[in-house]
Amino acid sequence: MRKLLEVVSYCEQGQFMLQDNNNENSKENLLVAGVRSGKYSVDSDAALDLYGTNNANDVRYKMLKHRLKKKLFKFLFLFDFSKTKLRSFIIYEQECLQYLYQAGILIRQTEYEISNKLLNKAIAISKKYDFTKITVAVLDFKLTIEVEEGNLNNYKKIKEEFDYYNQKLTYETEAKGLYQTFKVNINKSVNTRKDFLPHIPGLLQRLEELWLLARSFDTFEHFYRVTIWYNELIGDFEKIIQFTKQIEVWSQQGLINEYRDEPQFQKFILVYAHLRAKLYDVGISYAIEYKESFDPNFPNWFSFMENYLLLTAHAKKYELAQQLIIEVHENRAFQKITKTARERWALYKAYLIFLNPTDVLSGTFNFQSFASTVPEYSKDKQGFNVAIIILQFMYFLRKGDSEALLYRIESLKKYILAHLKDSFSSRSKLFLKLLILTVVEHFDVEECLAKGDKYYQKLLEISPPGDAYAEIEIIPYEHLWEHVLEILKNKQIT
């Protein structure tokens, strides 16, 4: 009931108000008010307050709930999608579905003239926005009307159009199935993704064929998203850049439905791909250009800003990175993003303060407290765990706390053995070995430089893996190693 009340808050308008203003103290109104305010957390609370009984199965209370739930489900027919943050085309898709529903009722009442007017409205929208499934449903209703009225010529004309769109729908259905197969496999776990990778090129080839056959937005979208995700998984970010630019050409050629196209998402991907392809300066120029395309009140803005921030951090533009951190934290919508996202921003902030300690960020941040209480992340997202471990180790290194460092090298060795076994963890494994070396070599910078060179050279040779392997470097390990050596040069650790 709580969930339904939340949803129907988008439906209340005019005479369709949920609550009866003529009888504010009705049981129904009191139940609605109690659930919304949090006064009733369980059924027994509501039953006690409304009927003086602890029995949640009291027949009076059950009947009240039944009546209210029935009413709430009816309100879903009045859902106003324009009040939501959903993409605009969904509003028009819902409008088409409403016309279809209404036309269906009228056809069963043999009101063919009225229903045809509704169907004409629906098909005009569905063709404009490439809603193939709805177009087929509309034409199917129109065929029913022509059959019932005995209009053979109209029937033949509509049947030809129906067959054309129905074939298109067949292609879309196959593409959707391939897309779902891809998504369910890459969403399950890191190992499942890795096992599924060899099957993706064939799947992708068929998706492209289906798009060329159907030339519909749905087949394009499935082909587009799988192409982006696959190249992200294998770490071919330059291919993503080329593909994103190709999409812009297709859009200009009119091959992609302009009413369903998502230029904002493509801008996001282009900036992200430049980050992962290590084309930092070009990526920053795109980020500056595209920033105004993202609304600061929406979660997508924070995701875009993460890529912008990481571009600046990887380019060693730490002052600009700190300004971006400040801008993000001053955004009033910051508290509305997920807890995990806020923790990521805290980690970014901690790294920037450590690498470039200035009054801009440090004045409002207790690094020591963060280093000791920073949250642990799931093993499946190893990159965050590694990032936390590295930051904590470097903090104690700069502090000169040899006891804390000696304690940590054993846990580092165990962590490497337990969690960094696969080839995709090579960079993290190499950098943790470099950190261990600082303790083994008694913090001697010359020895660390000499004996660590083989690890460092391997770091330069190995590129960060794609996102299939969930490894994240907030600051490139090469840059962090330079910072570690600088600490060793300037610090006597005892």
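Trainee: Let me begin at one residue: does V7 count as buried, partly exposed or exposed, and why?

Mentor: Keep in mind that this is a predicted model. V7 has 32% relative accessibility, so it counts as partly exposed. You'll find V7 in helix α1, which covers residues 2–8.

Trainee: Which residues form a nonpolar patch on the surface with V7?

Mentor: F73 and L76 do, and the three together have about 240 Å² of accessible area.

Trainee: Now the next helix. How do I read burial along α2?

Mentor: Start with the general idea: an α-helix has 3.6 residues a turn, so residues three or four places apart point the same way. Then look at α2, residues 27–37, where the buried residues are E28, N29, L31, V32, G34 and V35.

Trainee: What do those buried residues of α2 pack against?

Mentor: Against three helices: α1, α3 (43–51) and α4 (59–75). R36 is partly exposed because its relative accessibility is 39%. In sequence, R36 sits 35 residues from M1, yet their C-alpha atoms are 9.5 Å apart in space.

Trainee: Where should I look for positive phi values?

Mentor: First, the background: most residues other than glycine have a negative phi, and most peptide bonds are trans. Just after α2, G38 takes a positive phi of about 90°. R215 isn't a glycine, and its phi is positive too, near 50°. R215 lies in the loop between α10 (200–214) and α11. With 37% relative accessibility, R215 counts as partly exposed.

Trainee: And what is the phi of H442?

Mentor: About 55°, again positive in a residue that is not a glycine. H442 is in the loop that joins α22 (426–440) and α23 (445–451). H442 counts as exposed because its relative accessible area is 67%.

Trainee: Let's go inside. How many cavities of 30 Å³ or more does a search of the whole structure find?

Mentor: The idea is simple: rolling a probe the size of a water molecule over the atoms shows where empty space is left. Here the search turns up two cavities of 30 Å³ or more.

Trainee: Which residues line the largest cavity?

Mentor: F217, F220, E221, Y224, D261, E262 and Q266. Helix α11 (residues 217–234) gives the most to that lining, with four residues.

Trainee: Finally, zooming out, how many helices and strands does the protein have?

Mentor: It comes to 25 helices and zero strands. Of the 494 residues, 49% are buried. Among contacts between residues at least 6 apart in sequence, 64% join residues at least 24 apart. The accessible surface comes to about 26100 Å², and carbon and sulfur atoms account for 50% of it.

Methods: Residues numbered from 1 in each chain as written. Predicted model: local features only at pLDDT ≥ 70, side-chain atom pairs only at ≥ 80, totals over all residues. Heavy atoms only, no water. Patch = residues over 30% accessible without salt bridge, like charges linked within 9 Å, V, L, I, M, F, W, Y side chains within 5 Å. Areas by Shrake-Rupley, 256 points an atom, 1.4 Å probe, with all protein chains shown as cover. Salt bridge = Lys/Arg side-chain N within 4 Å of Asp/Glu carboxyl O. Helix = DSSP H or I, 4+ residues; strand = E, 2+ residues; numbered from the N terminus. Buried < 20%, exposed > 50% of the residue type's maximum accessible area, 1.4 Å probe, protein only. Contact = heavy atoms within 4.5 Å. 1 Å grid on protein atoms, 1.4 Å probe; cavity = no way out; pocket = protein on both sides within 12 Å on 5 of 7 lines; lining within 4 Å. Points joined across faces, edges and corners; volume = space filled by probe spheres on them.
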